[in-house]
Amino acid sequence: MKIVLCITLVLFLPLFAFAGPTEFSVTEIQTLENFDDYVREVRFSPLGTYFAVTVGDNTVYLYDRAFNRLWMSQGNRKNVGGKLAFSPAEKYLAFTRYKSQGDIGILDLETLQVVQALDGHPYYVSGISYSPDGGYLVSCGVEKQVIVWKWENNKFEKHQVLTEHEKPIRDIIFSPDSMFIAAAISNGTVRIWSREHGDTWKEIHNIYRHNDNVFDASFR
């Protein structure tokens, strides 16, 4: 028997007329269903033009703002669904596990063609993030390294590898000003790097205040 998996998108509306300003109502706006495996990750593009989904059989789906399917791709089925990151200007979608567990595909959102495959991680990529200025992509993996990719000559080049880690890295994120990178690490650590003069990244903080794995990181 086939199990139907779906995503329900909802709109949160404040009930200012009926209650305090901190209370919200929920209105369903769309349900996407009939996926063949569990939903791994969902992402809206920065301007809301696109919506992307990865599922457990390593398929990536891309939709427009009306949730019409524009594109789909399935990598090696032995690799479970990966991670997603839209470029700030909505020109590209980066997605992990394109052909292997350790690569990253770069999809041109205008032509709907994969224009680059980034190889650098020997094992699966656990997190990716575009810098808000669009100049960098950062990726992390269970092999305990962070790779900083720099956008040059209309493609990404491997710029710097940060390897000072004892455990697998679970998540990676840029700060809103593109000047800092934070990584969530399995040993309860959050590491932060700063972009220094000469366009290199230098560790400035190693926060060890957690008794268990850190799975996510975020800047405010």
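This is a predicted model: local features need pLDDT of at least 70, side-chain atom pairs count only at pLDDT 80 or more; totals for chains, interfaces and linings use all residues.

Residues are numbered from 1 along each chain as its sequence is written, and side-chain values use heavy atoms, with hydrogens and water left out.

Now the overall picture. The chain has zero helices and 18 strands; helices (H or I, at least four residues) and strands (E, at least two) are DSSP runs, numbered from the N terminus. Of its 220 residues, 46% count as buried. Among the contacts in the chain with a separation of 6 or more, 39% come from residues 24 or more positions apart, a contact meaning heavy atoms within 4.5 Å.

Let me turn to the sheet that holds F44. Four strands in the order 3-4-5-6 make up an open sheet with antiparallel pairing, and two strands pair if DSSP finds at least two bridges between them. At its edges are strand 3 (39–44) and strand 6 (69–74), each of which pairs on one side only. Neighbouring strands here are turned against each other by 15° on average, direction ignored; the axes are lines fitted to C-alpha atoms, for helices over the stretch in contact, and the angles run from 0 to 180 degrees between N-to-C directions. Strand 3 is joined by five bridges to strand 4 (residues 50–55), the two running antiparallel, and V42 has V53 in strand 4 as its bridge partner.

The aromatic rings come next. There are 13 aromatic pairs in the structure, counted for rings of Phe, Tyr and Trp (its six-membered ring) whose centres lie within 6.5 Å, with planes under 30 degrees apart called stacked, over 60 edge-to-face and the rest tilted. One of them joins F44 and F67 edge-to-face, at 6.4 Å centre to centre with 70° between the planes. Because F44 lies in strand 3 and F67 in the loop between strand 5 (59–64) and strand 6, this pair ties together parts that are 23 residues apart in sequence. F67, at 14% relative accessibility, counts as buried, and ring pairs link F44, F51, Y63 and F67 into a cluster.

A second open sheet of four strands has the order 7-8-9-10, again with antiparallel pairing. Strand 7 (84–86) and strand 10 (113–119) stand at its edges with a single partner strand each, so one side of each is left without a neighbour in the sheet. Within this sheet, strand 8 (residues 92–96) pairs antiparallel with strand 9 (residues 103–108) over five bridges, and F95 stands opposite G105 in strand 9. F95 is buried, with a relative accessible area of 2%, and Y98 also counts as buried, at 18% relative accessibility. K99 lies over the face of Y98, at 5.1 Å from the ring centre; a charge sits over a ring if NZ of Lys or CZ of Arg is within 6 Å of the ring centre and within 35 degrees of the ring normal.

Strand 11 and strand 12 (residues 136–141) pair in the antiparallel sense over five bridges, and V125 has G141 as its bridge partner in strand 12. The two strands form a hairpin with five residues between them, and G134 in the turn has a positive phi of about 80°.

I will finish with D199, found in the loop between strand 17 (189–196) and strand 18 (200–208). Strand 17 itself is mostly covered, with seven of its eight residues buried. Which residues does D199 touch, not counting those up to four places away in sequence? They are Y136, K150 and H159. The side chains of D199 and K150 are joined by a polar contact of 2.5 Å, meaning a pair of N or O atoms within 3.5 Å, where within protein one must be able to donate a hydrogen and the other to accept it, and residues adjacent in sequence count only if both atoms are side-chain atoms. D199 counts as buried, at 18% relative accessibility.

Terms used: Buried means under 20% relative accessible area, exposed over 50%, partly exposed in between (1.4 Å probe, protein chains only).
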